[in-house]
Amino acid sequence: MENMMKKLRDLREDNDLTQETVAKYLGTSQTMYARYERGANELPVRHLKKLCELYNISSDYLLNIKTDTKRKSGKVK
């Protein structure tokens, strides 16, 4: 989880955005967004999706999920 929070902050800073700007984009308060970056509150899926769209990234990147290319889509091992 800590890795995701660091990535959220780094992405925001790399794009020269303030917490207030990102919070407005998400439709939440700056205080709540700051809590997401600190890991004090869990990031809702709806906000995860919007952040991926904002930064043009995959949720796998934020969630530190490594895709197994040998695995069939939709199949559980």
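## Helices and overall make-up

The chain contains five helices and zero strands. Read from the N terminus, its elements follow the order α-α-α-α-α. The model is predicted.

Of the 77 residues in the chain, 27% are buried. The accessible surface comes to about 5,700 Å², and carbon and sulfur atoms account for 48% of that area. Among contacts with a separation of 6 or more, 53% link residues 24 or more positions apart.

## Helix α1

Helix α1 covers residues 2-14. Its 13 residues reach 18 Å from the first C-alpha to the last, close to the 18 Å expected at 1.5 Å a residue. The buried residues of α1 are Met 4, Met 5, Lys 7, Leu 8, Leu 11 and Arg 12. They cover an arc of only 160° around the axis, so they sit on the same side of α1. Glu 2 and Asp 14, on the other side of the helix, are exposed.

Just after α1, Asp 16 has a positive phi of about 55°.

## Helix α3

Helix α3 spans residues 30-38. Tyr 33, Ala 34, Tyr 36 and Glu 37 are its buried residues. Viewed down the axis of α3, these residues fall within an arc of 155°, and therefore line one face of the helix. Thr 31 and Arg 38 are exposed on the other side of α3. The cover over the buried residues of α3 includes α1, α2 and α4. Gly 39 follows α3 and has a positive phi, near 85°.

## The aromatic pair

One aromatic pair is found in a search of the whole structure. Tyr 33 and Tyr 36 form this pair, with 6.3 Å from centre to centre and 85° between the planes. The arrangement of Tyr 33 and Tyr 36 is edge-to-face, since planes over 60 degrees apart are classed that way.

Both tyrosines belong to helix α3, where Tyr 33 and Tyr 36 are three residues apart, about one turn of the helix. An α-helix has 3.6 residues a turn, so residues three or four places apart point the same way. Tyr 33 and Tyr 36 are both buried.

## Salt bridges within a helix

The whole structure holds three salt bridges. Side chains of opposite charge can pair when their charged atoms come close.

Lys 6 and Asp 10 are four residues apart in α1, about one turn of the helix. Lys 6 counts as partly exposed, at 41% relative accessibility. Asp 10 is also partly exposed, with a relative accessible area of 22%, because the cut-off for buried is under 20%.

In helix α4 (residues 45-55), Glu 53 and Lys 49 are likewise four residues apart, which separates them by about one helical turn. The closest N and O atoms of their salt bridge are 2.8 Å apart. Glu 53 is partly exposed, with a relative accessible area of 47%. Lys 49 counts as exposed because its relative accessible area is 53% and the cut-off for exposed is over 50%.

Glu 37 and Arg 12 meet through their side chains in a salt bridge of 2.6 Å, N to O. Glu 37 lies in helix α3 and Arg 12 in helix α1, so this pair ties together parts that are 25 residues apart in sequence.

Are the two partners buried or exposed? Glu 37 counts as buried, at 10% relative accessibility. Arg 12 is buried too, with a relative accessible area of 9%. Glu 37 is one of the buried residues of α3, and Arg 12 is one of the buried residues of α1.

Key
Residues numbered from 1 in each chain as written. Predicted model: local features only at pLDDT ≥ 70, side-chain atom pairs only at ≥ 80, totals over all residues. Heavy atoms only, no water. Helix = DSSP H or I, 4+ residues; strand = E, 2+ residues; numbered from the N terminus. Buried < 20%, exposed > 50% of the residue type's maximum accessible area, 1.4 Å probe, protein only. Contact = heavy atoms within 4.5 Å. Areas by Shrake-Rupley, 256 points an atom, 1.4 Å probe, with all protein chains shown as cover. Salt bridge = Lys/Arg side-chain N within 4 Å of Asp/Glu carboxyl O. Expected span 1.5 Å × (residues − 1). Arc of directions from axis to C-beta. Phe/Tyr/Trp six-rings, centres within 6.5 Å; stacked < 30°, edge-to-face > 60°.
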